[in-house]
Amino acid sequence: MSRTLTEEEKATYEWQMWVHDFGVEGQQKLKDASVLISRAGGVGGVVAYQLAAAGIGKLVIAHAGNVKHSDLNLQLLMTYDHLGKPRIESIERRLKELNPRLEVVGIAENVNEANVTAMVEQVDVLVDCAPLFPERFAMNDAAVRGGVPMVECAMYELEAQITTIVPGKTPCLRCLYPEAPPSWTREFPVFGAVSGSVACMAAMEVVKITAGIGKPLLSRMLQYDLRDMSFHCLNIARNPDCTCCSEKSA
Amino acid sequence: MQVRIKLPANMRALADDIAEHKVQATTVGEALNLLCEQHSDLQSRLLSEEGKLQPFVNVFLDGTNVRELEAELTELKKESEILIVAALAGG
């Protein structure tokens, strides 16, 4: 059931409602929307924070483990005073500090094939920010099975890439990369500003597909390198032999 | 003809830490093979033992994914740019 915007919410979001094709109607759609974010680290944490700031109604966040020192250069929802304690507690606390109206469902687990379907069923949009390919493929496969749009965003060093997947219409992650690179490791070079840059774009993709404004990155991948500030918006196509989303896979 | 190949960040350490390389070639496959001859550690990151593109990279020739063209056999044009986009999962 739709809950109309309160006066406090109208005051809070006044400036973004000035975006001409967004307005009160777009803000209401954000309030009515729910988003699953797989890991709220350097990318996902900023996605969550931006969506909380923008007035999203509900966030479901999956993130296991305890806060470590090496989280603190990029994972902006983790705080020094929470070192050694569950990340999901820090995530929920920080988001509620920013937006006490936000409904947060914190899950102290990372996404896997066994738990992903139950998470996906709770939401309207997914944002894939996990640091390991098995988690990303599990999210992708659940998105395709459930017909749920997913923003796919990732980075390494000073590079990042992002696309928005609409199952049945755009390439899925397995269309792009049928297999994970054997050389990928859990730990990777990262500045928080790089992960944050692609995270802000991912949050805007969620806003756009939720509110129906602008042109999301459908069948396009934005690939960029902040080392030389080169940006490529690349057309991408579905793989007719995709093991996940093609007719042959059915 | 001479073409430019831009490597992703996670492959540059395998190629003298250089992002952009220039080779003389007539097809995408030839260009990648030449680059791999100069930097042998790149071989398994880019090409299978059969010389096919690895399933965890995409290669864009002047903005078009070569899998939508003739893949490794895609012919190059003068001053073409080959952009290699690797699967990333950094989050």
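Chain A contains an open sheet of 8 strands, ordered S3-S2-S1-S4-S5-S6-S7-S8, in which the pairing is mixed. From one strand to the next, the twist averages 15°. The structure described here is a predicted model.

Strands of a sheet pair through backbone hydrogen bonds, in either the parallel or the antiparallel sense. Strand S1 (residues 34–38) of chain A pairs with strand S4 (residues 125–128) of chain A in the parallel sense, over 4 bridges. Within this part of the sheet, Ile37(A) stands opposite Val127(A) in S4(A).

Helix H5 (residues 87–98) of chain A lies across strand S2 (58–62) and S3 of chain A, and its direction is at about 170° to S3(A). H9(A) lies across S1, S4, S5 and S6 of chain A and runs at about 170° to S5(A).

Two packed helices are described by the angle between their axes and the distance between the axes. The axes of helix H3 (residues 23–31) of chain A and helix H9 (residues 192–211) of chain A come within 9 Å and cross at roughly 110°. An angle of 65 to 115 degrees counts as roughly perpendicular, and H3(A) and H9(A) are therefore roughly perpendicular to each other. Gly26(A), Lys29(A) and Leu30(A) of H3(A) make the contact with Val207(A), Thr210(A) and Ala211(A) of H9(A). By class, this contact has 3 nonpolar, 2 polar and 1 charged residues.

Helix H4 (residues 44–54) of chain A is mostly covered, with 10 of its 11 residues buried. The buried residues of H4(A) are Gly44(A), Gly45(A), Val46(A), Val47(A), Ala48(A), Tyr49(A), Gln50(A), Leu51(A), Ala52(A) and Ala54(A). Just after H4(A), Gly55(A) adopts a positive phi of about 100°.

Between the chains, 35 residues of chain A are in contact with 19 residues of chain B. On the side of chain A that touches chain B, the elements that give two or more residues are helix H7 (133–146), strand S5 (150–156), strand S6 (159–165), strand S7 (220–225) and strand S8 (230–235) of chain A. Of these, S5(A) gives the most, with 3 residues. The residues on this side of chain A divide into 21 nonpolar, 8 polar and 6 charged.

Chain B comprises 3 helices and 5 strands, and from the N terminus on its elements run β-α-β-α-α-β-β-β. The radius of gyration of chain B is 12 Å, close to the 12 Å that the globule rule gives for 91 residues, so chain B is as compact as a globular protein of that length. The C-alpha trace of chain B spans about 35 × 25 × 25 Å along its principal axes. Buried residues make up 40% of the 91 residues in chain B. Among the contacts in chain B with a separation of 6 or more, 52% are accounted for by residues 24 or more positions apart.

Definitions and conventions
Residues numbered from 1 in each chain as written. Chains lettered and ligands numbered in written order. Predicted model: local features only at pLDDT ≥ 70, side-chain atom pairs only at ≥ 80, totals over all residues. Contact = placed C-beta atoms within 7 Å. Nonpolar A, V, L, I, M, F, W, Y, C, P; charged D, E, K, R; others polar. Axes fitted to C-alpha atoms, helices over the stretch in contact; angles between N-to-C directions. Parallel < 35°, antiparallel > 145°, perpendicular 65-115°, else oblique. Buried ≥ 20, exposed ≤ 12 C-beta atoms within 10 Å, placed from the backbone. Pairing = 2+ DSSP bridges. Rg over C-alpha atoms; globule rule 2.2 N^0.38 Å.
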